[in-house]
Amino acid sequence: MYWYNPTTRTSERVEAPSTDEQAIEMLAGDPQSVTFVSEYARLRGSGMEIEVALIMVGHELRLRHLGLVSPNATFRPSAVAYDLLVGTRPSSGR
């Protein structure tokens, strides 16, 4: 898949993850990772596929980094995302 990686702030071509755990690992490692995972979890909860959800999170963050989207819009850290990031909650395995 081709996506904007919000943790490295670069566009890259990578193998698409096959599990939520792999996707969450791709979003980890940044001070704002809980925010990234919160949005990913919201998109997955709405029925979006893993690859599409990651691409959408990356796209939104790229727009924010470029200053084209308000930093106060939609992305909000959640306790569920924190739990997913630190591995204390099982994923849906979708």
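Helices (H or I, at least four residues) and strands (E, at least two) are DSSP runs, numbered from the N terminus. The model is predicted: local features need pLDDT of at least 70, side-chain atom pairs count only at pLDDT 80 or more, and totals for chains, interfaces and linings use all residues. Residues are numbered from 1 along each chain as its sequence is written.

**Exercise 1.** State how many helices and strands the protein chain has, and give their pattern.

Solution.
- Step one: the protein chain holds four helices and two strands.
- Step two: along the sequence, the pattern reads β-β-α-α-α-α.

**Exercise 2.** Describe how helix α1 and helix α3 cross.

Solution.
- Step one: α1 spans residues 20-27 and α3 spans residues 50-65.
- Step two: their axes come within 10 Å and cross at roughly 15°. Axes are lines fitted to C-alpha atoms, for helices over the stretch in contact, and angles run from 0 to 180 degrees between N-to-C directions.
- Step three: α1 is therefore roughly parallel to α3 (angles under 35 degrees).

**Exercise 3.** Find the residues that make the contact between α1 and α3, and sort them by class.

Solution.
- Step one: contact means heavy atoms within 4.5 Å.
- Step two: α1 contributes Asp-20, Ala-23, Met-26 and Leu-27. From α3 come Ile-50, Leu-54 and Val-57.
- Step three: the contact has six nonpolar, no polar and one charged residues.

**Exercise 4.** Work out what share of the protein chain is buried.

Solution.
- Step one: buried means under 20% relative accessible area (1.4 Å probe, protein chains only).
- Step two: buried residues make up 35% of the 94 residues.

Technical notes: Side-chain values use heavy atoms; hydrogens and water are left out. Angles under 35 degrees count as roughly parallel, over 145 as roughly antiparallel, 65 to 115 as roughly perpendicular and the rest as oblique. Ala, Val, Leu, Ile, Met, Phe, Trp, Tyr, Cys and Pro count as nonpolar, Asp, Glu, Lys and Arg as charged, and the others, Gly among them, as polar. Buried means under 20% relative accessible area, exposed over 50%, partly exposed in between (1.4 Å probe, protein chains only).
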